[in-house]
Amino acid sequence: QSPPCPAMDRPAIEALLLEFIARELPVPGVTLGRDTPLLERHIIDSLAVVTLTLFMERAFDLTVRPGDINPEVFQDVASLARFVAERRAGG
């Protein structure tokens, strides 16, 4: 378990999320980008959502509430990074 990341801008958050997904939740033949539809392209499933949620809580020192786990937040890496940035800013 790595310590929480210090203040990060959205591109840095996206980069960390992309690296985690590529390493821990790889899908052969899929090139992952910030706008790649994660649910629609079946890159993440319900178990991967849990894995990704736990990673975000640890890596970014935030709490993901049950209501936060929805298709809008988990749509793509850009939406995940926006969620993380907003939550870290107190949103």
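In this predicted model, phenylalanine 55 has a relative accessibility of 10% and therefore counts as buried. Phenylalanine 55 belongs, with Phe20 and Phe60, to one aromatic cluster, and the structure as a whole holds two aromatic pairs. A search of the whole structure also finds five salt bridges, some of which are described below together with a nonpolar surface patch.

**Aromatic cluster**

- The ring centres of phenylalanine 20 and phenylalanine 55 lie 3.9 Å apart with their planes at 10 degrees, so this pair is stacked.
- Phenylalanine 20 is buried, as is phenylalanine 55.
- Between phenylalanine 55 and phenylalanine 60, the ring centres are 6.0 Å apart and the planes stand at 80 degrees, so the pair is edge-to-face.
- Phenylalanine 60 has a relative accessible area of 1% and is therefore buried.

**Salt bridges**

- Glutamate 14 and arginine 34 form a salt bridge in which the closest N and O atoms are 2.9 Å apart.
- Because glutamate 14 lies in helix α1 and arginine 34 in the loop between α1 and α2, this pair ties together parts that are 20 residues apart in sequence.
- The two partners are covered as follows: glutamate 14 is buried, with a relative accessible area of 9%, whereas arginine 34 is partly exposed at 38%.
- Glu14 and Arg34 are also linked with Asp35 in a network of salt bridges.
- A salt bridge joins glutamate 19 to arginine 23, with 2.6 Å between the closest N and O atoms; these residues are four apart in helix α1 and so are separated by about one helical turn.
- Glutamate 19 is partly exposed, at a relative accessible area of 43%, and arginine 23 likewise counts as partly exposed, at 46%.
- The side chains of aspartate 68 and arginine 87 meet in a salt bridge with an N to O distance of 3.0 Å, and, because aspartate 68 lies in the loop between α2 and α3 while arginine 87 lies in helix α3, the pair ties together parts that are 19 residues apart in sequence.
- Both aspartate 68 and arginine 87 are buried.

**Surface and helix α3**

- Leu47, Val50 and Leu54 make a nonpolar surface patch of about 280 Å²; of these residues, valine 50 lies in helix α2 and counts as partly exposed at 46% relative accessibility.
- Arginine 82, in helix α3 (residues 77–88), is partly exposed, with a relative accessible area of 35%.
- Although arginine 82 and arginine 10 are 72 residues apart in sequence, their C-alpha atoms are 6.9 Å apart in space.

Terms used:
Residues numbered from 1 in each chain as written. Predicted model: local features only at pLDDT ≥ 70, side-chain atom pairs only at ≥ 80, totals over all residues. Heavy atoms only, no water. Phe/Tyr/Trp six-rings, centres within 6.5 Å; stacked < 30°, edge-to-face > 60°. Buried < 20%, exposed > 50% of the residue type's maximum accessible area, 1.4 Å probe, protein only. Helix = DSSP H or I, 4+ residues; strand = E, 2+ residues; numbered from the N terminus. Patch = residues over 30% accessible without salt bridge, like charges linked within 9 Å, V, L, I, M, F, W, Y side chains within 5 Å. Areas by Shrake-Rupley, 256 points an atom, 1.4 Å probe, with all protein chains shown as cover. Salt bridge = Lys/Arg side-chain N within 4 Å of Asp/Glu carboxyl O.
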